[in-house]
Amino acid sequence: MDLGLSGRRALVTGSSSGLGEAIARTLAAEGAAVVVHGRDERRTAAVAGAIGAAGYAVGDLTSDAGAERVAGAAGRVDILVNNAGRYESRTWSEAEPEQWVEAYETNVVSAVRLIRRLVPPMRERGWGRVVQIGGGLASQPTAAAPQYNATLAARHNLAVSLARELKGSGVTSNVVSPGAVLVDWMRPYVDTPEIQAIVHGNDVGRLGRPEEIAAAVAYLCGPAADYISGATLRVDGGTIISAF
Ligand SMILES: NC(=O)c1ccc[n+]([C@@H]2O[C@H](COP(=O)([O-])OP(=O)(O)OC[C@H]3O[C@@H](n4cnc5c(N)ncnc54)[C@H](OP(=O)(O)O)[C@@H]3O)[C@@H](O)[C@H]2O)c1
């Protein structure tokens with residue numbers, strides 16, 4: 001199936017590794033002109049070269065100056081995938097207020113900075129896509145990493161608010177919500193009781209693969225998803241147990 005992405009230009013934040021890299025690779029393979037993003041220039045450029053990207057942008061999205069640099073380097077963007085973010089394992093007693101603020105900056109305000117810069121031009125052109133990467137911990141949080149779980153909930157919430165804001169504009173806003181997906185940083189933890197509980201607690205019986213998240217993002221970016229806005233697409237093997 002041709003997803004209809006050729007001629008579209010996409011910025012995938014945090015695509016120097018993990019889920020973002022898989023999303024960038026899939027969008028490029030589907031014919032989109034992809035801009036890869038990360039903070040480390042060497043790694044970001046290497047991914048861009050490996051996937052045949054249109055270019056790359058480097059910058060820390062926790063500052064306005066960094067976001068401005070990234071938006072400037074990206075140029076015209078039809079598809080914005082807000083994926084950049086960081087999981088940090090902290091208990092309630094370890095997570096100091098500063099860490100809550102830091103997590104919110106990294107995982108939420110970073111996306112808002114790019115939405116504010118890149119969505120108004122999409123609106124003027126009458127077409128665009130914004131996809132937030134959310135997660136199951138938004139709706140079924142565990143005791144671990146409360147400061148991170150709350151940022152996922154904020155991502156889901158802002159995506160729906162943005163969809164309402166974009167009513168009638170031709171620009172949609174949606175969430176792809178992964179379960180636990182096996183990326184490089186997770187490999188050392190695969191045999192821990194926490195990860196094994198996730199593996200045995202979902203209906204498929206394994207961790208997700210980055211390309212499975214990427215496929216869902218690519219679908220939402222194409223014309224086949226014109227009628228989908230303000231939605232959450234769970235890609236989690238049935239980890240989240242809910243009819244809605
Ligand atoms: N893996 C999972 O199971 C899972 C599940 C649900 C949701 N998610 C979400 O998926 C996203 C990607 O996670 P991942 O597991 O693929 O992690 P990852 O491999 O560590 O990738 C994180 C990406 O975000 C970038 N990044 C981090 N902080 C940044 C900042 N301040 N400014 C700009 N870029 C920044 C990193 O860039 P650098 O190159 O500079 O480090 C990297 O490209 C995250 O938002 C995470 O919350 C992941």
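How closely do the axes of helix α4 and helix α5 come, and at what angle do they cross? The axes of α4 (residues 97-125) and α5 (residues 146-165) come within 9 Å and cross at roughly 20 degrees.

## Basis of the model

This is a predicted model, in which local features need pLDDT of at least 70 and side-chain atom pairs count only at pLDDT 80 or more, while totals for chains, interfaces and linings use all residues. Residues are numbered from 1 along each chain as its sequence is written, and side-chain values use heavy atoms, with hydrogens and water left out.

## Helix packing

α4 and α5 are roughly parallel to each other. Angles under 35 degrees count as roughly parallel, over 145 as roughly antiparallel, 65 to 115 as roughly perpendicular and the rest as oblique. The axes are lines fitted to C-alpha atoms, for helices over the stretch in contact, and angles run from 0 to 180 degrees between N-to-C directions. Helices (H or I, at least four residues) and strands (E, at least two) are DSSP runs, numbered from the N terminus. The crossing of α4 and α5 is right-handed. That term applies if the near helix is turned clockwise from the far one by less than a right angle, and left-handed if anticlockwise.

Helix α4 also packs with α3 (residues 64-74). Here the angle is about 40 degrees and the axes are 10 Å apart. That makes α3 oblique to α4. The crossing of α3 and α4 is right-handed.

## Salt bridges

The structure holds 14 salt bridges. Each is a side-chain nitrogen of Lys or Arg within 4 Å of a carboxyl oxygen of Asp or Glu. One of them joins R86 and E102, at 3.5 Å from N to O. R86 lies in the loop between β4 (79-82) and α4, and E102 lies in helix α4, so the pair ties together parts that are 16 residues apart in sequence. R86 is partly exposed at 41% relative accessibility, and E102 is partly exposed at 38%. Buried means under 20% relative accessible area, exposed over 50%, and partly exposed in between (1.4 Å probe, protein chains only). R86 and E102 belong to a salt-bridge network that includes E88 and R90.

R76 pairs with D78, their closest N and O atoms being 2.5 Å apart. R76 is partly exposed, with a relative accessible area of 42%. D78 is buried at 3%. Another bridge links E212 and R206, at 2.7 Å from N to O. E212 is partly exposed at 28% relative accessible area, and R206 is partly exposed at 28%.

## Surface patch

Y87, W185 and Y189 form a nonpolar patch on the surface. Together they have about 340 Å² of accessible area. Such areas come from the Shrake-Rupley method with a 1.4 Å probe, and for residues only the protein chains shown count as cover. Patches are made of residues with over 30% relative accessible area and no salt bridge; like charges are joined within 9 Å, nonpolar side chains (Val, Leu, Ile, Met, Phe, Trp, Tyr) within 5 Å.

W185 sits in the loop between β6 (171-178) and α6 (193-201). W185 is partly exposed, with a relative accessible area of 49%.

## A buried tyrosine

Y148 is part of helix α5. Y148 counts as buried at 14% relative accessibility. The C-alpha atoms of Y148 and G201 are separated by 21 Å. Along the chain, Y148 and G201 are 53 residues apart.
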